[in-house]
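Open the model in your viewer and keep the selection panel handy. We will go from stop to stop, picking residues as we go.

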Amino acid sequence: MTRFLPPHLRALFAARPPIPFEPPIEHRKMGSYSGIHEYIQRFDPPPENPPEPLPIYQDERDAIAKKKKMEEQLEKIKEEKANWDRHNNDSATDDPYKTLFVGRMDYDITESLLKREFEKYGPVKQVVIVVDKEGKSKGYGFVEFERGRSFREAYDKADGMKINGRRIVVDKEKGRTDPDWLPRRFGGGKGSSRDPKPPKEVLKSRRPVRQEPPRRDNRRGYRGDRRGNDRRRDRRDDRRDNRRRDDYRRDDYRRDDRRRGDNRRDSRRRDDRAYRSSYSERRGDRDDRYRY
């Protein structure tokens with residue numbers, strides 16, 4: 001049948017020419033991998049000036065300055081601690097084993113007053129109140145007794161005694177009697193006022209929560225309790241639907257007067273007059289025949 005087709009259609013059914021022969025591909029052997037050490041010399045030499053450092057923000061500068069200052073202070077304290085001699089103190093008392101430490105004193109207490117208060121335990125040999133560079137009291141001092149018995153009696157009985165309306169604390173002198181004791185400036189002492197404080201979140205969590213008792217409210221049970229309000233609101237809506245429209249206007253007048261803070265009796269009288277006048281104007285007459 002194909003012989004009867006025209007030539008351009010017969011060409012569609014003709015066989016394709018044979019595929020030409022090609023020799024196989026020869027695989028070359030690849031060389032082994034190596035580093036870039038042999039090519040480093042071909043790169044440009046590094047610049048002589050190093051790159052500029054990144055900018056430092058204010059909080060980072062403050063942290064660096066604070067850390068540096070703290071290190072300097074620690075180094076200074078370390079040097080002073082190495083050169084400190086506990087027995088080299090010109091203002092100290094003579095016998096440390098008869099000396100009583102007195103702390104938490106009033107800043108207006110003088111040596112004569114302190115001596116007069118402690119003479120009831122025995123004869124006092126010397127009283128020293130520690131002062132700052134300006135000559136103001138630091139709130140603590142030392143009392144030296146002549147006899148050890150007086151010292152022990154004051155140590156047992158004077159703790160918590162009131163002087164000038166303030167309770168004091170007494171203890172033995174630790175500076176020259178205890179070899180392991182260090183002053184406060186070297187990290188010693190027994191107080192806790194300079195210890196690191198916890199964050200505010202921890203302090204707030206420790207604060208007790210104050211729970212107030214519920215207060216009675218005449219309108220709706222206990223204040224804060226809204227149970228039953230839906231039912232009460234539905235009843236109120238039902239009552240308002242059964243009332244006349246004129247009654248709403250009277251309630252509106254009364255509500256406005258109460259908001260102004262007028263007397264309830266005067267407001268009722270004013271409501272009645274206003275309601276009558278408004279009703280008579282709407283009716284077109286001036287008589288007060290309408291009763292409610």
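**Stop 1: helix α4**

Exposed means over 50% relative accessible area, buried under 20% and partly exposed in between, with a 1.4 Å probe and protein chains only. Helices (H or I, at least four residues) and strands (E, at least two) are DSSP runs, numbered from the N terminus. A word on the model: it is predicted, so local features need pLDDT of at least 70 and side-chain atom pairs count only at pLDDT 80 or more, while totals for chains, interfaces and linings use all residues. Residues are numbered from 1 along each chain as its sequence is written, and side-chain values use heavy atoms, with hydrogens and water left out.

Now which residues of α4 (148-157) are buried? Pick S150, F151 and A154. They lie on the same side of α4 because they cover an arc of only 100° around the axis, taken from the directions from the helix axis to the C-beta atoms. Show β1 (99-103), α3 (111-118), β3 (137-145) and β6 (169-172) too: the buried residues of α4 pack against them.

**Stop 2**

F118 and F145 are both buried.

**Stop 3: D94**

Move to the loop between α2 (58-83) and β1, where you will find D94. D94 is exposed, at 54% relative accessible area. Leaving out residues up to four places away in sequence, D94 touches K125, Q126, E144 and R176. Draw a distance between the side chains of D94 and K125: a polar contact of 3.3 Å joins them. D94 and E144 are 8.0 Å apart, C-alpha to C-alpha, yet 50 residues apart in sequence.

Terms used:
Contact means heavy atoms within 4.5 Å. A polar contact is a pair of N or O atoms within 3.5 Å; within protein, one must be able to donate a hydrogen and the other to accept it, and residues adjacent in sequence count only if both atoms are side-chain atoms.
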